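Please look over the sequence and the model shown here before reading on, and keep both in view while the paragraphs below lead from one feature to the next.

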Amino acid sequence: EDDFQFILCEGCQQESPNLKLLTCLHTLCPGCLSKYKSIGQCPVCQTAIPQASGIPDMDNLLFINLQARLKFYKKIVDGVDLFCDNCKKAGEFWCSECKEFLCFKCYEAHQHYLKEENHETKRVMDIRAGSAKDFLKDTRRTSNLSCSNPTHKSHNVSIYCKKCCKPLCCICALLDSHRASFCDIRSETRRRQEELGTMTQELKQKRSGFEATYEALQDEAARLERAQQEMRELIRQRVEQLVQLIRQEEEELLGLVEARQEQGRRELAKELQRVEGVLRRMEAGERLVEKMSLYATEQEVMDMQPFIKDSLEELQRLQPAADRDRAQPGDLAECRARLQAL
């Protein structure tokens with residue numbers, strides 16, 4: 001089961017028959033999506049969840065279908081209710097195409113009448129002896145696409161139209177009057193898979209840059225922590241070498257460290273509040289302009305546009321502070337100087 005934890009909801013780690021794929025490519029069940037939608041962030045990567053569109057329409061079909069196939073495998077392994085779907089006798093075979101259990105007699109009839117079809121039928125005991133990965137590999141269907149023509153839904157497809165980007169059955173391809181460019185459906189699915197593989201390879205190269213940045217940030221955080229701890233230890237070591245005459249100085253130095261830390265927190269909070277205010281102003285401006293384009297009358301545009309334009313121009317003049325321009329909170333230079341003097 002550990003090999004298939006990836007098909008669970010990444011929020012609550014539970015199964016769900018209706019998993020949703022977010023734009024950040026993480027998967028949530030509807031319950032978790034509603035919960036974290038109110039927060040506005042994905043619980044895994046903290047990427048913003050689109051609010052306007054609500055719950056995304058994209059189902060994670062891969063994970064949903066894997067859950068369904070694994071339930072069949074678990075039923076076979078547990079040996080519970082393995083009855084023939086036709087005559088209700090003991091089921092000895094399983095058809096991955098029909099998704100039905102068959103007794104020996106029904107199996108022979110199945111093989112006789114569907115001998116022209118590509119139905120993969122295996123003995124239940126053979127499936128039980130194999131692994132879940134083997135079962136998923138054996139039941140992986142490559143021809144389960146149906147024709148895009150609503151009247152040909154029952155027809156299997158083997159052709160892909162590059163012009164209209166749809167899978168077609170042979171009848172639709174023959175009757176096509178536009179003489180569109182066709183290709184084999186398997187070659188198209190293989191091309192799409194290779195396209196995704198190429199994109200992931202490119203992302204792997206870009207990922208190394210993000211990993212280096214992540215490691216650098218971790219090192220910086222560790223360095224700051226070590227600097228603070230080293231300063232505290234140095235203060236204590238020096239002070240304890242002296243007599244009670246300078247114990248008061250020790251307390252003052254430790255208090256100064258705490259004061260600098262508190263000052264740094266206040267400065268960071270103030271800067272965060274300022275930047276957050278700018279972001280909110282920008283969001284308000286974008287939202288107001290959008291609503292005006294949708295609902296404002298010409299008179300309202302003429303009256304309000306100069307005022308809004310001035311505000312937007314003021315926002316355009318604002319620039320985020322560069323790293324070198326930002327103040328470094330929590331500076332311990334004064335503490336070091338007093339310690340040296342001591």
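Predicted model: local features only at pLDDT ≥ 70, side-chain atom pairs only at ≥ 80, totals over all residues.

Residues are numbered from 1 along each chain as its sequence is written, and side-chain values use heavy atoms, with hydrogens and water left out.

According to an unreviewed UniProt entry, the annotation "domain: RING-type" covers residues 9-46; such annotations may be inferred rather than shown by experiment. Over residues 9-46 the chain is 26% helix and 11% strand, and the C-alpha atoms at the ends are 16 Å apart. Helices (H or I, at least four residues) and strands (E, at least two) are DSSP runs, numbered from the N terminus.

Most residues other than glycine have a negative phi. Gln13, in the segment before β1, has a positive phi near 60 degrees, and Leu25, in the loop between β1 and β2 (27-28), has a positive phi of about 70 degrees. Gln13 is partly exposed, at a relative accessible area of 41%, whereas Leu25 counts as exposed at 64%; here buried means under 20% relative accessible area, exposed over 50%, and partly exposed in between, with a 1.4 Å probe and protein chains only.

The structure also holds two aromatic pairs. The ring centres of Phe6 and Phe63 are 5.5 Å apart and their planes stand at 70 degrees, so this pair is edge-to-face. Because Phe6 lies in the segment before β1 (20-21) and Phe63 in helix α2 (residues 61-78), the pair ties together parts that are 57 residues apart in sequence. Phe6 is partly exposed at 40% relative accessibility, while Phe63 is buried at 12%.

In the other pair, the rings of Phe93 and Phe104 have centres 6.3 Å apart and planes at 40 degrees, so the pair is tilted. Rings of Phe, Tyr and Trp (its six-membered ring) pair if their centres lie within 6.5 Å, and planes under 30 degrees apart count as stacked, over 60 as edge-to-face and the rest as tilted. Phe93 belongs to strand β3 (residues 93-95) and Phe104 to helix α3 (residues 104-113), so the parts tied together are 11 residues apart in sequence. Phe93 is buried at 4% relative accessibility, and Phe104 is partly exposed at 41%.

Finally, Val275, Leu279 and Met282 make a nonpolar surface patch of about 230 Å². Met282 is found in helix α8 (residues 247-295) and is partly exposed, at 33% relative accessible area.

How values were computed: Patch = residues over 30% accessible without salt bridge, like charges linked within 9 Å, V, L, I, M, F, W, Y side chains within 5 Å. Areas by Shrake-Rupley, 256 points an atom, 1.4 Å probe, with all protein chains shown as cover. Salt bridge = Lys/Arg side-chain N within 4 Å of Asp/Glu carboxyl O.
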